[in-house]
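Thanks for coming, everyone. Please have a look at the screen before I start.

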Amino acid sequence: MTEEENSWFWQDYWQQGQLACCLADDLRAGYDGVLADAWVDFFESLAGGTSILDICTGNGGAALLAAKAGHNSGRAFDILGADLAAIEPMAYVQAAPELMRAIRFEGGVDAAALPYEDAQFDAVISQFGIEYAGLLRAGPEAARVLKSGGRLRFVIHAAQGIAEAGAREELALVPTLGSAHLHDALRQALIAVDSLTHGHGTRPAADAAVEYFVGEMESLDARLKDHPNQATILTLGRRLLGLFESMETVPVPDILKKVDASERSVEAHLLRLESLAAAAANEGDIIAAIDALETAGMGAGFHALMDGADMLAWVIEGQKA
């Protein structure tokens, strides 16, 4: 299976229309708030007509910040957002359609093997993206496509930062989720009740299947009663309960397809959390990335982006000789 095929869980996520790839309910880690504010000086320093490549763009969150900064200051940027996943932001994102139209998007792009010419862009940026491709490979690629004097800025998940900590908290739920067969239980209940309705099943069998489904949900809720990420499970529970109740108006075969989609969505969510936790960089990783950039002809440095006592991200900035 190719890397692009392995990124199906990101494609699944971006098709939900989100701009942020982590802790979307925490604005510090999304594209509004502290992190967005931290981009202002960078974009304000760019001249009109600057060509910008946003690596691992997802649905174009960082690219959108660039377009917004250009629009607000009367400077048009030439912005390209590239991602390994088969992205289509214009089809799924509702935010700022006029600004989104100012961005070109390209899917199927490996950040570690960019399909662009040497010295093609004036600036290369990434927010919570390039680290997934591997900083030691993707960093020098970013340097390669930069023009002389071109600038880069990467905002990178930090080991023990708020995003990585949140991901690991949710991943701690995996054993509990694995022991709760919610989707299978719902399938059995749907099929049993549908069979009874069509005269092929028995009332005791249908009642038993429904009781099993309800019991699985109640058991999981009890085990996670005081867990900080209980909301994740409650959301799943409400979704499955809603699917069961929709049987009054929706054919069971159609509901079963939605159950399959829900199960796939949970799998995708867990894979994204695993990717985030694995990609988060410690200080040693960042220093190694700086060394690789300098070898590729960049002058670069880094700093930690904090919000009070909370570590939000690492920031790498540099300029090509």
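I'll go through the fold, then the sheet, the salt bridges and the aromatic rings.

One caution before the details: this is a predicted model. Everything I say today is read from that prediction.

Start with the overall count. The protein has 16 helices and seven strands. There are 321 residues, and 48% of them count as buried. Now the contacts. Take those with a sequence separation of 6 or more: 77% of them are between residues 24 or more positions apart.

On to the sheet. In what order do the seven strands run? The order is S3-S2-S1-S4-S5-S7-S6. The sheet is open, and its pairing is mixed. Strand S3, residues 103–106, sits at one edge, and strand S6, residues 298–307, is the other edge strand. Each of these two pairs on one side only. From one strand to the next, the twist averages 15°.

Look at one pairing inside the sheet. S1 and S4 run parallel, and three bridges join them. S4 covers residues 121–127. Across from Asp54 you find Ile125 in S4.

Next, what lies across the sheet? Helix H16, residues 283–295, lies across S5, S6 and S7. Relative to S6, the helix runs at about 155°.

Stay with S1 for a moment, and step off its end. S1 is residues 51–55, and H5 is residues 61–73. Thr57 is in the loop between them. Is Thr57 buried or exposed? Its relative accessibility is 5%, so Thr57 counts as buried; the cut-off is under 20%. Which residues does Thr57 touch, once neighbours within four places in sequence are set aside? The contacts are Ala63, Gly81, Ala82, Asp83, Ile87 and Phe105.

Now the salt bridges. The structure holds eleven of them.

Arg153 is in strand S5 and Glu317 is in strand S7. That pair links distant parts of the chain, 164 residues apart. Arg153 is buried, at a relative accessible area of 3%. Glu317 is partly exposed, at 30% relative accessibility.

Which ring does Arg153 lie over? The ring is that of Trp39, and Arg153 lies over its face, 4.4 Å from the ring centre.

Next, Arg187 and Glu263. The N to O distance in this salt bridge is 2.5 Å. Arg187 belongs to helix H12, residues 182–197. Glu263 belongs to helix H15, residues 252–279. Arg187 counts as buried at 15% relative accessibility. Glu263, at 34%, counts as partly exposed.

Arg203 is exposed, with a relative accessible area of 53%. Asp207 is partly exposed, with 33%. One more point on salt bridges: those that share partners join Asp184, Arg187, Asp260 and Glu263 into one network.

Last topic, the rings. A search of the whole structure gives eight aromatic pairs. One of them is Phe42 with Phe43. Their centres are 5.6 Å apart, the planes make 75°, and the pair is edge-to-face. Both of these Phe residues are buried.

Then there is Phe213 with Phe244. How is this pair classed: stacked, edge-to-face or tilted? The planes are at 40°, so the pair is tilted, and the centres are 5.8 Å apart. Phe213 is in helix H13, residues 203–223, and Phe244 is in helix H14, residues 230–245. The pair therefore ties together parts that are 31 residues apart in sequence. Phe213 and Phe244 are both buried.

Finally, one aromatic cluster is made up of Trp10, Trp14 and Tyr132.

That's my tour. Over to you.

How values were computed:
Residues numbered from 1 in each chain as written. Predicted model: local features only at pLDDT ≥ 70, side-chain atom pairs only at ≥ 80, totals over all residues. Heavy atoms only, no water. Phe/Tyr/Trp six-rings, centres within 6.5 Å; stacked < 30°, edge-to-face > 60°. Buried < 20%, exposed > 50% of the residue type's maximum accessible area, 1.4 Å probe, protein only. Helix = DSSP H or I, 4+ residues; strand = E, 2+ residues; numbered from the N terminus. Lys NZ or Arg CZ within 6 Å of the ring centre and 35° of its normal. Contact = heavy atoms within 4.5 Å. Pairing = 2+ DSSP bridges. Axes fitted to C-alpha atoms, helices over the stretch in contact; angles between N-to-C directions. Salt bridge = Lys/Arg side-chain N within 4 Å of Asp/Glu carboxyl O.
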